[in-house]
Amino acid sequence: MEKFIIEKSSPLKGEITIDGAKNAVLPIIASTILTGEKCIIENAPFLKDVEIMLKILEVLGAKTSFCEKEKRIAIDCRKISNVPLPYELVKKLRASFLFAGPLLSRFGKVNIQMPGGCPIGIRPVDLHLKGFSMLGAKIKQEHGNIEIISQGVKGNNIYLDFPSVGATENIIMAAVLAEGETNISNCSVEPEIVDLAEFLNKMGAYIYGAGTDSIKIIGVPEVYGAVHSIIPDRIEAGTFMIGAVITKGDLIIKNIICDHLRPVIAKLKDMNVDVEENENSIRVHSENELINTDVKTLPFPGFPTDMQAQFMSLMAVTKGTGIINETIFENRFMHVGELNRMGADIKVESKSAIIKGVPKLTGTQVKATDLRAGAALILSALVAEGETEISDIYHIERGYCNIEEKIRKLGGKIKKTEE
Ligand code: UD1
């Protein structure tokens, strides 16, 4: 079991370049199933989740390669067959369910188990399945096994009860090769949806309106190979922005799209942080005394739930009281107990966390309960007195590339050890 050992560090200073977005690359990998031609994905982050998605493709018969140095993935799905997806891989990440849409589109049949992923709530897939059945598929569910069968996917008008990111992606991918037109309303408007639609359109799909709450897909008989560069990871960028503030450092964060970070920038400014935006980079520093704030997680362009835990780390050491209201997931406060073990003063009442800023945290043994909770613990550990030991760091490595190396280069005292 690997662990991170982190000591109280000096302020993080210097420049950091953000990798491609995890949540954009995963659906794009799944969508390569739609064509028998070779696809190239550039600016790809070298992450555990990416490795697992590629392994699943290989089990289906695809040829894949990942050049870490060039951040480039090549995928050839010419010879894939529609075997049941391997549960030992599917259970490792929620995004494995994103294979359902493209498999349904290409083969008319999918056999998949309920996916795994971060333990942050029940996370059903009913909206995905509702979308597939609106496209004409029949769904059979038994003991966690899901069979989706269609005699030819047919376009339809689909309304989503909630703008689910994954359901929007799966329905788009299922509709690309459908007969006729599909309209999805109340769909997700996250930047990762726009990236997926751009990739699919490069493949020859006809998708209009990505980035708005109504998307139209005009089905085509086939799509082709394409080359695409992944958008920067707004959550990795946001995490380093907090890293700069919490350590009272000064960071220039490169390869970002400021418009994807609006709510994070706005909340930091509310707290009295200095944020300077440039074309593809942002400088975050603050000599000012910070003031606590309130945060409510919402679908994009609202404050991202994936930044909630990291923001809580900052609020935990900021003067005054702040409240975080989590509206996306029903069980995303597992990090509260761990932060309190480090001396934070946080109480959870239903969907809200009430955070009373404390003057200092103290290092101890804590556990990364999920990906972003793990990132929050790293941030807190950088300012906690003494040494913090974080276990279960495999969660963190699912979504951050070489995080310890990046933090070390900025002056953070972090090392990885094996027990
Ligand atoms: C994606 C992101 C994840 C992020 C989340 C919300 C990826 C790989 N993951 O997850 O990092 O935290 O968006 O921004 O892109 N829901 C249902 N039924 C469904 C689908 C979802 O009830 O069929 C619920 C979920 O339980 C959750 C909420 O809708 O409470 C949001 O989920 P969704 O937007 O689908 O998130 P994911 O696509 O799983």
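I218 counts as partly exposed, because its relative accessibility is 32%, where partly exposed denotes the range between buried, under 20% relative accessible area, and exposed, over 50%, with a 1.4 Å probe and protein chains only. This residue is found in strand β12 (residues 214-218), strands (E, at least two residues) and helices (H or I, at least four) being DSSP runs numbered from the N terminus. Together with Y206 and Y208, I218 forms a nonpolar patch on the surface, with about 280 Å² of accessible area in total. Patches are made of residues with over 30% relative accessible area and no salt bridge, like charges being joined within 9 Å and nonpolar side chains (Val, Leu, Ile, Met, Phe, Trp, Tyr) within 5 Å; accessible areas come from the Shrake-Rupley method with a 1.4 Å probe, and for residues only the protein chains shown count as cover.

The model is predicted, so that local features need pLDDT of at least 70 and side-chain atom pairs count only at pLDDT 80 or more, whereas totals for chains, interfaces and linings use all residues. Residues are numbered from 1 along each chain as its sequence is written, and side-chain values use heavy atoms, with hydrogens and water left out.

The largest pocket has a volume of about 1100 Å³. Of the 46 residues that line this pocket, R94, R123, V165, G166 and F329 are the closest to its centre. Two or more lining residues are given by each of the elements α1 (22-31), α5 (126-134), α6 (165-175), α8 (234-246) and α12 (371-383), and α1 gives the most, with 4 residues. By class, the lining of the largest pocket has 24 nonpolar, 7 polar and 15 charged residues, where Ala, Val, Leu, Ile, Met, Phe, Trp, Tyr, Cys and Pro count as nonpolar, Asp, Glu, Lys and Arg as charged, and the others, Gly among them, as polar. Pockets and cavities are found on a 1 Å grid over the protein atoms alone: a cavity is a set of points where a 1.4 Å probe fits but cannot get out, a pocket is an open set with protein on both sides within 12 Å along at least five of seven lines, and lining residues have an atom within 4 Å of a point. Grid points are joined across faces, edges and corners, and a volume is the space filled by probe spheres set on the points.

The count of cavities of 30 Å³ or more comes to 3. The largest cavity has a volume of about 60 Å³ and is lined by residues including L12, T239, F240, I403 and I407. Helix α12 gives the most to this lining, with 4 residues, and the lining residues divide into 8 nonpolar, 2 polar and no charged. The second largest cavity, with a volume of about 40 Å³, has among its lining residues R234, H260, F300 and P304, and α8 and α9 each supply at least two residues of that lining.

A search of the whole structure finds 27 salt bridges, each defined as a side-chain nitrogen of Lys or Arg within 4 Å of a carboxyl oxygen of Asp or Glu. In one of these, the side chains of K3 and E389 meet at 2.9 Å, N to O; K3 lies in strand β1 (residues 2-7) and E389 in strand β22 (residues 387-391), so the pair ties together parts that are 386 residues apart in sequence. Both K3 and E389 are buried. A salt bridge also joins the side chains of K254 and E15 (2.9 Å, N to O), and K254 counts as partly exposed because its relative accessibility is 32%. Within helix α9 (residues 262-270), D270 and K267 lie 3 residues apart, about one turn of the helix, and form a salt bridge whose closest N and O atoms are 3.2 Å apart.

Several features of the backbone and of burial were also noted. A cis peptide bond, with omega of about 5 degrees, joins F300 and P301, and P301 is found in the loop between β17 (295-296) and α10. Helix α10 (residues 308-316) is mostly covered, with 9 of its 9 residues buried. Most residues other than glycine have a negative phi, and most peptide bonds are trans. N255, although not a glycine, has a positive phi of about 60 degrees and is placed in the loop between β14 and α9. S350 likewise has a positive phi, near 55 degrees, and is placed in the loop between β19 (345-349) and β20 (352-356); with a relative accessible area of 69%, S350 is exposed.
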